[in-house]
Protein chains: 2
Amino acid sequence: METFSHVPPGFRFHPTDEELVDYYLRKKVTSRRIDLDVIKDVDLYKIEPWDLQELCRIGTEEQNEWYFFSHKDKKYPTGTRTNRATAAGFWKATGRDKAIYSKHDLIGMRKTLVFYKGRAPNGQKSDWIMHEYRLETDENGTPQARI
Amino acid sequence: METFSHVPPGFRFHPTDEELVDYYLRKKVTSRRIDLDVIKDVDLYKIEPWDLQELCRIGTEEQNEWYFFSHKDKKYPTGTRTNRATAAGFWKATGRDKAIYSKHDLIGMRKTLVFYKGRAPNGQKSDWIMHEYRLETDENGTPQARI
């Protein structure tokens, strides 16, 4: 098994939820080698969603989804809203978390968040959506998110 | 640049016509190394379309398109119908060839063929479609086809 340095021509990164959790996130959390370093590390709370496009580019393909790893902010461990803020706005959870299965085993959860410009509770809802993945088997696991 | 032995998780092979011609077919014809050996060599006249699914499988993903390289049969260089026959049927061209461009340069052509079961002119039309690619810059180039 080699580590890849680039994406071979003709390939598009369209991972399933199961691949994201069971391969990429699990390897990341356990610091094991990932075949192709296709998911970048970012500090989600220091960048705005529109800056992710450049940071998380994969090859030359047109993208409307971007993938990244980000450490969950530990400053306010009991809150959810306050520690998801960026300079320009904040991420707010919406709907219910979705369970992710591998065959019949629950392996992770997917949370959906929407980006609001401004400050809560007066933010302006945007079209930016984030899916935040977490391992179900490791409570302290690093979350992985995609927009 | 290394040669890859497998597809990294999360990647799907959805090449554009330009990538098929300008990268895969051009490398194949000139015997240059291809990053990932994802397109198999087959003898199109010895296998039926429904046998390609197993031969041309890429990783574990669900596929409804299969990619392969095949030498054009040279037995009847002036005919088109007779030298596209398999044991169970034959491939018949349909419609007009499509020009494939890289930026503004014509780099190849794409022919569309339909598989008929039986023998011409009494074959029974099937749902199997093949796109046969050829380099426009090399008249004797190896054709590449996808179904």
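In this predicted model, chain A is built from 2 helices and 7 strands, and, read from the N terminus on, its elements follow the order β-α-β-α-β-β-β-β-β. Of the 147 residues in chain A, 48% count as buried. Among the contacts in this chain that join residues at least 6 apart in sequence, 61% link residues at least 24 apart. The accessible surface of chain A comes to about 8400 Å², and 47% of that surface belongs to carbon and sulfur atoms.

An α-helix has 3.6 residues a turn, so residues three or four places apart point the same way. Just after helix 1 of chain A comes Ser31(A), which takes a positive phi of about 55°.

Tyr24(A) also belongs to the largest nonpolar core, which has 36 residues, and within this core Tyr24(A) and Tyr24(B) touch the most other members. The elements that give two or more residues to the core are strand 1, helix 1, strand 3 and strand 6 of chain A, together with strand 1, helix 1, strand 3 and strand 6 of chain B. In soluble globular proteins, nonpolar side chains tend to be buried together.

Further along chain A, strand 4 (residues 89–102) and strand 5 (residues 105–117) pair in the antiparallel sense over 11 bridges. Lys98(A) stands opposite Arg110(A), which lies in strand 5 of chain A. The hairpin formed by strand 4 and strand 5 of chain A has 2 residues between the strands, and in this hairpin Lys103(A) takes a positive phi near 55°.

Note on methods
Residues numbered from 1 in each chain as written. Chains lettered and ligands numbered in written order. Predicted model: local features only at pLDDT ≥ 70, side-chain atom pairs only at ≥ 80, totals over all residues. Heavy atoms only, no water. Core = buried A, V, L, I, M, F, W, Y, C linked by side-chain atoms within 4.5 Å. Buried < 20%, exposed > 50% of the residue type's maximum accessible area, 1.4 Å probe, protein only. Helix = DSSP H or I, 4+ residues; strand = E, 2+ residues; numbered from the N terminus. Contact = heavy atoms within 4.5 Å. Areas by Shrake-Rupley, 256 points an atom, 1.4 Å probe, with all protein chains shown as cover. Pairing = 2+ DSSP bridges.
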